[in-house]
Amino acid sequence: MYRYDEFDASFVSQRTEQFKDQVRRRLAGELSEDEFKPLRLMNGLYLQLHAYMLRVAIPYGTLNSRQMRKLAYIARTYDKGYGHFTTRQNIQFNWPKLEDTPKILEELAEVEMHAIQTSGNCIRNVTADHFAGAAADEIADPRPYAEILRQWSSLHPEFSFLPRKFKIAITGAPNDRAAVQVHDIGLQLTRNDAGETGFVVFVGGGLGRTPMIGRKVRDFLPEEDLLAYSEAILRVYNRYGRRDNKYKARIKILVHETGLEELKADIEQEFEKIRFGVLRLPEEEVRRIEAYFAPPPLEVGAATSAAVEARRASDAGFAQFAAHNLNPHRVPGYTSVTLSMKPIGGIPGDASDAQMDVMADLAEQYGHDEIRISHEQNVILPHVKLDDLPALYDELVAAGIAEGNAGLITDIIACPGMDFCALATARSIPVAQRISERFGAAERQAEIGELKIKISGCINACGHHHVGHIGILGLEKKGEEFYQVTLGGSANENTSIGEIVGRGFSSEEVVDAIEKLVDTYLGLRSGKEETFLDAYRRLGEAPFKEALYGAA
Amino acid sequence: MKVVTANRLLSGEVVWLGENGRWVERITLAGVFDGKEAVAEALALGLASKDRQEVVDVYEMDVTVEDGVIVPVRLREKIRATGPTTHRDLGKQAQAVSA
Ligand code: SF4
């Protein structure tokens, strides 16, 4: 994996030193809160409902055991024994003390981590497919490009005060697991007829108050133009993006208001000015960065494992786990394993310090020291030998992270919501917990099949509800929590924004409503192969609406 | 009826302004202010404390008093006063049990 060069190491340690001094001045009364707030936000430190919250970047969701152990250590030493993995592949600590944060940042810097650009109107942590470098369907590992973008965007002087925050996602596979079409820039690796690597480029996707699907601006952007073209997009955005209204400041609004063709022309014009300049990516540089991401040595094995098959036949829990939590690996004999952070009735994305330590140990023992965080708030061991699965599974069971529910109805994305977040209008985690309990039985989940429920606690949509097959948005109505349900959203290569199905539901009603939707689907699907989303796309909203509200 | 609330600068801990003008960590100990002037006065005390770098995010909020118990009107403030409903072992509710 990528190692800091001297430049990275020095800028991270400089920033840590700076922040230490800023905190000292704040505590000494030399800085007021108004002066200090932007500084702490630049270092990922928010004030939430109960305490401060520190958001730590996990670049493109990749980390190693040593880093995971450090996160466990921080959770144990400076926080309350757990961390929360987010939909942006980051981790949040919910209870740090202001006075401890410089120390926490020092600890993070020791393992080449930081909290820079996890907040503010800058280019945020670049996210990527969590099976990157391992997936059988991958054209190329997207992470070297994510790393190149990270280096380019880190502390970029021109782009530190954009009209609004800016998110980039990249996938290396045609099956998009990184939700690239709902990012400000979405990149999909592709090859042209000549076999050269490049990108399909989408611009102006986003969720929040005004959900929009990214518009394609390039079918094939050559590798060497990645930075120049990204810079061109950012310059156009920085110049024309609205600064008069926070809710209209994202690039999606600019795309919408300017029109795609005109904006595309602006981008191309800017690009032409700089394409042969310093941002042109030399082939050797890409290969040099790629080398950091070289896959571990994996010996090709048999595509199936007798040990796995035997265990599958004798152990229903293992069979369920193997059926749902494995992703095909490009090397026969290996698999990518999802460690579900969604225990039945549990809190989506939470991991205790002890679990983090176990995951670090297991990654070392069975996974070539590689760990990934998914935007679906799970943890992945990307390179596990099939023959090791039974032993790994036993250890996961012991640690309470062996739920075989990846991609199923209880694998719910939920933002922190009103239990933590200062911006929330309703709680989201308790709704996720109740749905999880309602559908928690193994047979029932398996019968329902793939179904993505995503829950946000306010219109900012950190829980990606717009792109949930079933989306739930928590609002407040007359002082009560109130949940709006959307149907038919999706964040893969066929991205769609869910549609509001009708009036919302109270907290008491919402789980029953979800159950009615699921039962309606089960009654109407053409067969077990037809997923909820496919059935919804075939049938339209009418039968679901009727199930919820009666015949019109 | 209103109380004045904030977070402590150092720890982030949720606090309310007590009768005596000091910050308290339990809403049950908060001072309840009624009437425009009383609320404005309390808020001014809170803001002065902010200027002394003791707290951040000072604001007033609605409460009712039921059988002598102060109850925030909004759910957000109820959760701030007790702790996350998802982690009963954390926040003020946990301290209340151990106290
Ligand atoms: S969606 Fe709203 S409530 Fe949820 S984390 Fe984002 S800002 Fe907070």
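How many residues does the contact take from chain B, and how many from chain A?

## The contact between the chains

In this predicted model, 24 residues of chain B and 32 residues of chain A make up the contact. The size of an interface is often given as the accessible area lost when the parts come together. Here the area buried between chain B and chain A comes to about 2,300 Å², and carbon and sulfur atoms give 62% of that area.

## Polar and charged pairs

Between chain B and chain A the count is one salt bridge, and the side chains that form a salt bridge are those of Arg74(B) and Glu476(A), with a distance of 3.2 Å from N to O. The two chains also have eight residue pairs in polar contact, with both residues of each pair at pLDDT 80 or more.

On the side of chain B that touches chain A, the elements that give two or more residues are β1 (2-8), β4 (55-66) and α2 (75-82) of chain B; of these, α2(B) gives the most, with four residues. Sorted by class, this side of chain B holds eight nonpolar, nine polar and seven charged residues.

## Around the ligand

The residues around the ligand come from chain A, and they include the cysteines Cys415(A), Cys421(A), Cys458(A) and Cys462(A). Also around the ligand are Pro416(A), Gly417(A), Leu423(A), Ala424(A), Gly457(A), Asn460(A) and Ala461(A).

By class, the shell around the ligand divides into eight nonpolar and three polar residues, with no charged residue in it, whereas the side of chain B that touches chain A has seven charged residues.

Notes:
Residues are numbered from 1 along each chain as its sequence is written. Chains are lettered from A and ligands numbered from 1 in the order in which they are written. This is a predicted model: local features need pLDDT of at least 70, side-chain atom pairs count only at pLDDT 80 or more; totals for chains, interfaces and linings use all residues. Side-chain values use heavy atoms; hydrogens and water are left out. Contact means heavy atoms within 4.5 Å. Buried area is the accessible area (1.4 Å probe) that two parts lose on being put together, summed over both. A salt bridge is a side-chain nitrogen of Lys or Arg within 4 Å of a carboxyl oxygen of Asp or Glu. A polar contact is a pair of N or O atoms within 3.5 Å; within protein, one must be able to donate a hydrogen and the other to accept it, and residues adjacent in sequence count only if both atoms are side-chain atoms. Ala, Val, Leu, Ile, Met, Phe, Trp, Tyr, Cys and Pro count as nonpolar, Asp, Glu, Lys and Arg as charged, and the others, Gly among them, as polar. A residue is near a molecule or strand if one of its heavy atoms lies within 4 Å of it.
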